[in-house]
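User: I have a model open and want to learn how to read it. Could you take me through the main features?

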Amino acid sequence: SVSSAGVIINEDSHAACDFRIESDGLTHAFFVDSGNNKIGIGTDSPDNLLDVTGTSVQLQLSYDESNASTFQVSSGGDLTVTPSGGDVTLVATTSIDLKSPQIDIGEDDSSDVTINLLGSTNDMAILYDESAKLLKFDSTVLAIDGANDRVGIGVIDPDHTLEVLNAGTQLKLSYDSNSFTTFVVDSSSNL
């Protein structure tokens with residue numbers, strides 16, 4: 001029906017009255033499955049409230065002509081989000097849950113990877129140095145040298161299985177808060 005409020009198709013809610021728009025190459029460029037209350041773009045059998053089907057980019061959200069993000073699902077069901085600006089921000093008031101047996105971060109090339117953990121007053125950076133196969137926490141606080149199977153605390157290039165660099169107490173072994181012993185190496189290499 002047509003009125004001053006606009007054009008309404010299937011105003012009487014006929015379940016058998018599907019609606020479709022064809023394009024030059026698609027018979028169901030836009031399809032309304034009125035019996036199942038679903039909309040399909042590129043499909044005549046939408047599985048969900050909105051089902052966008054295609055073999056290339058399925059969705060693009062644009063700020064203007066130059067700035068957009070695309071969403072593409074591969075033939076294997078994998079999702080790729082590509083922002084033209086380079087950043088993706090996920091905002092959640094409570095948590096973001098990543099449920100996967102493996103999470104890949106990086107570009108699978110020779111680039112280093114940095115993860116910044118931002119706090120209200122204290123931040124921390126985790127850096128993976130690709131060329132040295134070195135994982136560093138907050139620059140020199142803790143370093144894991146995967147290439148040589150070494151760990152450094154206070155040093156980024158440990159030369160033994162475990163190296164602790166500190167001008168004060170290097171090691172404290174505790175039984176409880178009152179029973180412990182400490183190890184200190186002085187500037188003359190005395191323990």
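**Reading the model**

Analyst: Start with an exposed residue: Asp149 has a relative accessible area of 64%, over the 50% cut-off for exposed. This is a predicted model.

User: Where is Ser189 found, and is Ser189 buried or exposed?

Analyst: Ser189 lies in the segment after β17 (180-183). Ser189 is exposed, at 62% relative accessibility. Its phi is also positive, near 70°.

User: How many helices and strands are there in the protein?

Analyst: The protein has zero helices and 17 strands. Its radius of gyration is 29 Å, well over the 16 Å that the globule rule gives for 191 residues, so the protein is more spread out than a compact globule. The C-alpha trace spans about 95 × 40 × 30 Å along its principal axes.

User: What share of contacts joins residues at least 24 apart?

Analyst: Among contacts between residues at least 6 apart in sequence, that share is 0%. Buried residues make up 13% of the 191 residues.

User: Where is confidence lowest, and where is it highest?

Analyst: Where pLDDT is low, the predicted coordinates should not be read in detail. Here the mean pLDDT is 88, and 98% of residues reach 70 or more. Confidence is lowest in strand β1 (residues 2-3), at a mean of 76, and highest in strand β6 (residues 50-52), at 96.

Conventions: Residues numbered from 1 in each chain as written. Predicted model: local features only at pLDDT ≥ 70, side-chain atom pairs only at ≥ 80, totals over all residues. Heavy atoms only, no water. Helix = DSSP H or I, 4+ residues; strand = E, 2+ residues; numbered from the N terminus. Rg over C-alpha atoms; globule rule 2.2 N^0.38 Å. Buried < 20%, exposed > 50% of the residue type's maximum accessible area, 1.4 Å probe, protein only. Contact = heavy atoms within 4.5 Å. pLDDT = per-residue confidence, 0-100.
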